[in-house]
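Below is a short report on one protein model.

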Amino acid sequence: MAVLKVLTYPDPRLKTISVPVEAFDEKLRAFVRDLEETMRAGPGGVGIAAPQVGEFTRVVIVDVSIKKNVAHHGRMLLVNPEIVLWEDMAVGREGCMSVPDYTGNVIRAQRIQVAARNEHGDAVHYECTGYEARAVQHELDHLDGMLFLDRLVSRRHDLFARIKK
Ligand code: NI
């Protein structure tokens, strides 16, 4: 396994639209293991998308279980994901491993349903709420070349520098 290098803003490759996975093979599963290790190595890593490590395929991992008091499904691997239902929009704060110096306020659905495949090609379906729903929407945006920066209503009012430690 390996921790992969994470592309950071303003790397133009982060704007790439990723392509669907077609082969659910050992190569995919090895990549998923590396992607997960990379997510867990990052500070506060609750999600990661393949294009963040320069692999432009539609693969994301979300695991918000390290957050206190949030509903979650543990580790979710979503290959070729599609959100099939959105409800209840709300503003919330987001960060991103590809935007290490800032957080931002973004409007997202508080309740979603997402359909995807797992690493073996089996269909999976999740209903997510709250913080987990937000994380899924954030990661899926990466597959379409979108960062939370692209969804700020106002850079002046909704973008916040992280305190350097
Ligand atoms: Ni991100």
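## Asp88 and strand E3

Asp88 has 48% relative accessibility, so Asp88 counts as partly exposed. Buried means under 20% relative accessible area, exposed over 50%, and partly exposed in between, with a 1.4 Å probe and protein chains only. Asp88 is part of strand E3. Its phi is positive, about 60 degrees, although Asp88 is not a glycine.

Asn80 is also found in strand E3. Its phi is positive too, about 50 degrees, and Asn80 is not a glycine either. Most residues other than glycine have a negative phi.

## Basis of the model

This is a predicted model: local features need pLDDT of at least 70, side-chain atom pairs count only at pLDDT 80 or more, and totals for chains, interfaces and linings use all residues. Residues are numbered from 1 along each chain as its sequence is written, and side-chain values use heavy atoms, with hydrogens and water left out.

## Fold and overall shape

The protein has 3 helices and 6 strands. Helices (H or I, at least four residues) and strands (E, at least two) are DSSP runs, numbered from the N terminus. Their order along the sequence is α-β-β-β-β-β-α-α-β.

The radius of gyration is 15 Å, which agrees with the value near 15 Å for a compact globule of 165 residues. That radius is taken over C-alpha atoms, and the globule rule is 2.2 Å times the number of residues to the power 0.38. The C-alpha atoms fill a box of roughly 45 × 35 × 30 Å along the principal axes.

## Burial, contacts and charge

Of the 165 residues, 49% count as buried.

Take the contacts with a separation of 6 or more: residues 24 or more positions apart account for 65% of them. Contact means heavy atoms within 4.5 Å.

There are 22 positive and 23 negative side chains, and the centres of the two sets lie 7 Å apart. Lys and Arg count as positive, Asp and Glu as negative; His and the chain ends are not counted. Each charge is placed at NZ of Lys, CZ of Arg, CG of Asp or CD of Glu.

## The nickel site

Which residues coordinate the nickel ion? The donors are Cys96 (SG), His138 (NE2) and His142 (NE2), at 2.1 to 2.2 Å. Cys96 lies in strand E3 (residues 76-96) and His138 in helix H2 (residues 130-143), so this pair ties together parts that are 42 residues apart in sequence. The donor spacing reads C-x41-H-x3-H.

Cys96 and His138 are both buried. Donors are N, O and S atoms within 2.8 Å of the metal (3.2 Å for Na, K and Ca); water is not among the atoms, so sites may look incomplete.

## Strand E4

Ile112 is found in strand E4. Its relative accessibility is 0%, so Ile112 counts as buried. Leaving aside neighbours within four places in sequence, Ile112 is in contact with residues including Ile83, Leu85, Trp86, Tyr126 and Val136.

Arg117 belongs to strand E4 (residues 99-117) as well. At 38% relative accessibility, Arg117 counts as partly exposed. Arg117 and Leu77 are 40 residues apart along the chain, yet their C-alpha atoms are separated by 8.0 Å. Leu77 is also one of the residues that Arg117 touches beyond four places in sequence; Phe24 and Asp122 are among the others.

## The cis bond and a buried arginine

Tyr9 and Pro10 are joined by a cis peptide bond, with omega about 5 degrees. Most peptide bonds are trans. Pro10 is found in the segment before helix H1 (26-41). Tyr9 lies in the segment before H1 and, at 42% relative accessibility, counts as partly exposed. Beyond four places in sequence, the contacts of Tyr9 include Leu14, Ser98, Leu147 and Arg155.

Is Arg58 buried or exposed? At 14% relative accessibility, Arg58 counts as buried. Arg58 lies in the loop between strand E1 (47-49) and strand E2 (59-62). Residues that Arg58 touches, beyond four places in sequence, include Ile17, Val21, Asn80, Leu143 and Asp144.
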